[in-house]
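Me: Hi! I've just opened this one and would like a hand finding my way around. Could you walk me through a few spots?

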Amino acid sequence: MKTTCPYCGVGCGVVVEDNVVRGDAQHPANHGRLCIKGATLAETLDDSNRLLSPMVDGRETGWGEALGEAARRFAAVIAAHGPDAVAFYGSGQFLTEDYYVANKLMKGFIGSANIDTNSRLCMASTVAGHMRAFGEDIVPGCYEDIDEADLIVLVGANAAWCHPVLFERALAARAARGTRIVVVDPRRTASADLADLHLPLRPDADVALFLRLLVAVHERGCVDAIYVAARTEGFAQALAVAQAACITPDMLGLADADLALFLDWFCGTPRVVTLFSQGVNQSVSGTDKVNAIINVHLATGRIGRVGMGPFSLTGQPNAMGGREVGGFANQLAAHLRFTPDDHALLQGFWGAPKLAEKPGLKALDMFEAMLSGRIKAIWIAATNPAETLPRSDRVRAALAACDVVVVADCWPTETTRHADIVLPASGWGEKDGTVTNSARIISRQRAFRPAPGLARPDWWMITQFARHLGFRAAFEFAGPAAIFREHAALSGYGNHGARLFDISARQEISDAEYDALAPFTWGRTRFFGDAGHMVFVPVAAPPVRPRDRAFGFVLNTGRLRDQWHTMTRTGFVPQLLESGARADVSMNPADAAEAGITAGDLARITTRHGSIVLPAALESGQRRGEMFVAMHWTDEHSAGGSIGRLIGGARDRHSGQPALKSEPAGVERLSAAWVGVMQSRTKLRPVGRFYAGRVPLADGMHRIELAGWQALSFGPELSGWAAGLCAAGDEERVELIDAGRGVYRLGLVQDGRLSACIFLAPRADMLPDAAALAALFASASWVGDRGALLLARGGMAVAARGRMVCLCHRVSEAAIRAAITIQNVRDMDGLMIRLKAGTNCGSCKGELAAILQSETQPELVT
């Protein structure tokens with residue numbers, strides 16, 4: 001069965017046979033290549049933690065009652081307070097058909113534009129930038145431009161980790177044609193480790209950098225005057241603003257020589273592709289960053305031509321599909337706008353007398369309206385805003401304050417815990433539809449396994465809900481193929497070339513043709529090279545923000561290589577945690593030393609919005625005065641809780657996208673009074689004033705690493721606390737308390753087998769290592785052998801192997817360092833030949849390069 005990967009916006013094709021996943025060699029996005037997340041998709045097909053039945057007020061029920069009750073409650077709110085008192089919050093995990101019916105229902109028939117999506121956190125600034133420059137949300141290029149470029153500039157994009165299949169294309173272009181790679185990023189990321197030039201820009205200086213570049217292309221005669229005159233407007237104004245800014249290397253936080261080299265390369269290389277992602281979008285100046293990048297490409301005519309153009313790397317598999325159907329609160333469907341003509345056109349097509357007449361509330365505003373009582377009912381689907389939105393504690397308060405909360409998801413989450421009505425959704429591999437990737441390639445997702453329990457696809461839930469609300473005639477869709485046909489027809493309705501998005505040639509597609517639909521690119525391969533009218537948007541560099549005295553650091557958040565969003569899927573695949581992923585805070589060693597923090601110490605990170613305690617990780621690639629925390633960690637995986645509670649509500653004034661990468665923060669060291677480890681055959685969720693990090697193991701077991709900064713109080717209360725952490729029931733308890741040494745051990749034995757255990761001690765070397773714990777749980781019976789359980793020890797011997805760097809070929813950091821220092825391997829090719837590391841998905845190549853440099857050129861690692 002051919003389908004599409006559900007992770008990032010690359011949109012890789014996959015083939016699933018007998019629950020084995022491999023890359024689709026015929027798919028134009030990946031040509032058979034997969035990253036490690038895609039390669040381990042089969043490991044996520046575990047129904048043990050799935051939502052299986054609809055729930056109303058905590059009571060299990062059937063679909064008829066659940067949807068009928070949801071409709072009754074929504075209708076009551078609308079009758080009493082009007083349509084703008086209800087809202088819908090969707091997701092880039094939706095298929096286009098899910099998105100289409102949700103948007104049609106909310107905007108067309110309920111009559112409110114209060115429908116937004118978690119793509120607001122991801123791509124909204126790009127959409128706003130495209131609209132200002134192109135008049136429509138259009139990605140001008142294609143993936144093949146990466147193959148044909150002579151210079152690739154990555155801005156705020158750690159593609160080596162977040163879009164590894166595309167980054168492999170960049171590396172292949174360098175090998176084939178000598179393409180140079182420049183990475184613009186405050187952090188020295190895996191992408192920077194593999195780049196020809198890294199520009200460690202100060203945070204939010206991207207606009208200033210591209211203003212300086214615009215001046216340089218003008219001064220050096222690189223402006224394509226014919227193209228600018230024929231195809232654009234506003235160049236003189238944009239250039240004047242750039243010239244007036246007088247940008248210097250010091251304002252950018254760059255060395256003079258590095259900036260000069262970048263300007264030389266860009267001005268002297270016609271074939272340039274600029275890839276940008278969340279470092280650009282997730283900013284108070286995100287939209288201006290996008291337009292600053294586009295302005296340079298317009299000025300040089302390097303757009304819509306082979307190997308040239310600005311290119312947005314989307315974060316989710318169908319963020320583009322959502323944009324096509326109007327998933328944002330400020331859009332109508334099919335790239336239509338809230339103008340009188342477009343409104344009349346859509347109203348006529350849908351036969352929707354109550355079509356919303358104005359934009360609705362964007363994501364952050366939507367949840368603020370819930371907290372204040374303006375929104376009294378919300379339907380949330382395929383996303384976990386209680387963890388992912390900024391000020392997550394405030395979001396949870398908003399959910400608690402809202403009269404009606406309906407949540408559709410595959411798994412229990414912090415958001416479903418706040419729901420009045422919970423609906424079990426079909427997941428990847430269980431539903432049919434289409435997705436659109438970053439390059440405008442529409443691909444099919446296909447069902448190849450039955451959904452567990454009563455789980456149903458979102459399009460089905462929403463159409464049934466619409467019928468309960470009295471809109472049956474407009475929602476008589478028999479399946480996703482029928483929805484796709486209407487979506488395609490709308491794209492061409494009254495279009496006549498006014499909108500570039502037009503897939504109306506497929507509006508008569510049969511169900512069989514839909515089932516067999518091959519990937520296709522909508523529109524032209526490239527836009528704006530020889531047609532169209534584009535606009536230069538004058539943008540000003542934001543002022544350098546003075547360092548906050550109370551919060552002297554800048555906190556940056558982002559992705560890890562092997563994890564996805566809030567880890568409801570990837571966080572339970574043991575292989576994906578072997579690369580050492582854990583909840584920690586990365587600091588520059590010099591900053592850590594000033595704060596008295598060493599590697600592994602507990603550090604309290606505090607912002608104006610909340611605080612979290614995490615172990616410290618020291619990274620020389622981290623800029624002074626800045627810290628980095630991965631976005632993925634939640635209450636489910638770390639007692640520290642949601643990273644979102646640290647981030648404030650600042651957002652881009654054009655797009656409404658929150659600034660997730662530049663929060664003022666403080667840090668302080670906490671002395672660890674004790675450390676510990678738990679292991680259980682079932683999933684536990686320790687909560688309390690301590691650090692806890694989950695590591696999933698084989699056979700459904702879980703290990704949780706613990707550390708506390710408050711002294712343990714030995715006595716009965718400790719026994720009760722430890723038993724509570726282990727979720728003790730009627731199991732036999734085997735306990736050791738040694739207050740003199742500060743040691744506590746508890747084992748729970750059920751039917752002669754160890755079901756859970758916890759070990760606490762003052763130091764890590766007094767705890768059993770992973771091998772010792774595995775041996776305890778491997779024993780068939782503990783009858784009459786309690787002493788061995790209580791005396792388990794090991795002294796962390798597993799550390800000798802180190803973390804796994806290459807998950808595809810299971811190559812550890814220790815093996816890599818041994819190959820360099822003992823076997824005298826001196827380059828990347830040698831490591832790849834000898835160890836096979838980096839030869840499959842390539843996601844680990846940046847780490848290989850960093851390890852190689854640390855061993856062969858330690859003087860360069862500062």
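Reply: Happy to! One term to start with: two strands count as paired if DSSP finds at least two bridges between them. Also keep in mind that this is a predicted model.

Me: Good. So which strands form a hairpin with five residues between them?

Reply: Those are β28 and β29. In the turn, Asp699 has a positive phi of about 65 degrees.

Me: How many bridges hold β28 and β29 together, and in what sense do they pair?

Reply: Strand β28 (residues 691-696) pairs with β29 over six bridges, in the antiparallel sense. For a landmark, look for Arg694, which sits opposite Ile704 in β29.

Me: Which other strand is joined to β29?

Reply: Strand β27 (residues 674-680) is joined to β29 by seven bridges, and these two run antiparallel. Here Trp674 stands opposite Gly708 in β29.

Me: Is β29 mostly covered or mostly open?

Reply: Mostly covered: of the seven residues in strand β29 (residues 702-708), six are buried.

Me: Switching topic: what is the strand order in the open sheet of three strands?

Reply: The order is β17-β18-β19, and the pairing is antiparallel. β17 (433-436) and β19 (520-521) are the edge strands; each has a single partner strand, so one side of each has no neighbour in the sheet.

Me: How many bridges join β17 to β18?

Reply: Four, with β18 covering residues 441-445. In one of the pairings, Val435 has Ser443 in β18 as its bridge partner.

Me: Now salt bridges. How many does the structure hold?

Reply: There are 63 salt bridges in the structure. One of them links Asp47 with Arg449, where the closest N and O atoms are 3.2 Å apart.

Me: Why does that pair tie together parts that are 402 residues apart in sequence?

Reply: Because of where the two residues lie: Asp47 is in the loop between α1 (36-39) and β4 (55-56), while Arg449 is in the loop between β18 and α21 (458-468).

Me: Arg449: buried or exposed?

Reply: Buried, because its relative accessibility is 17% and the cut-off for buried is under 20%. Asp47, with a relative accessible area of 27%, is partly exposed.

Me: Which residue forms a salt bridge with Asp288?

Reply: That's Arg132, with the closest N and O atoms 2.7 Å apart. This pair also links distant parts of the chain: Asp288 belongs to helix α15 (residues 286-300) and Arg132 to helix α4 (residues 124-134), 156 residues apart. Asp288 is buried at 13% relative accessible area, whereas Arg132 counts as partly exposed at 25%.

Me: And what about Arg177, which residue does it bridge to?

Reply: Arg177 forms a salt bridge with Glu148, the closest N and O atoms being 3.3 Å apart. Arg177 is in helix α7 (residues 164-177) and Glu148 in helix α5 (residues 144-148), 29 residues apart.

Me: Last topic, helices. At what angle do α17 and α22 cross?

Reply: Their axes cross at roughly 145 degrees and come within 11 Å; α17 spans residues 340-350 and α22 spans residues 480-492. The crossing is right-handed.

Me: Which residues meet there?

Reply: From α17 you have Leu346, Phe349 and Trp350, and they meet Glu486, Ala489 and Leu490 in α22. By class, this contact has five nonpolar residues, one charged and no polar ones.

Me: Great, thanks for the tour!

How values were computed: Residues numbered from 1 in each chain as written. Predicted model: local features only at pLDDT ≥ 70, side-chain atom pairs only at ≥ 80, totals over all residues. Heavy atoms only, no water. Axes fitted to C-alpha atoms, helices over the stretch in contact; angles between N-to-C directions. Left-handed = near helix turned anticlockwise from the far one by under 90°. Contact = heavy atoms within 4.5 Å. Nonpolar A, V, L, I, M, F, W, Y, C, P; charged D, E, K, R; others polar. Salt bridge = Lys/Arg side-chain N within 4 Å of Asp/Glu carboxyl O. Buried < 20%, exposed > 50% of the residue type's maximum accessible area, 1.4 Å probe, protein only.
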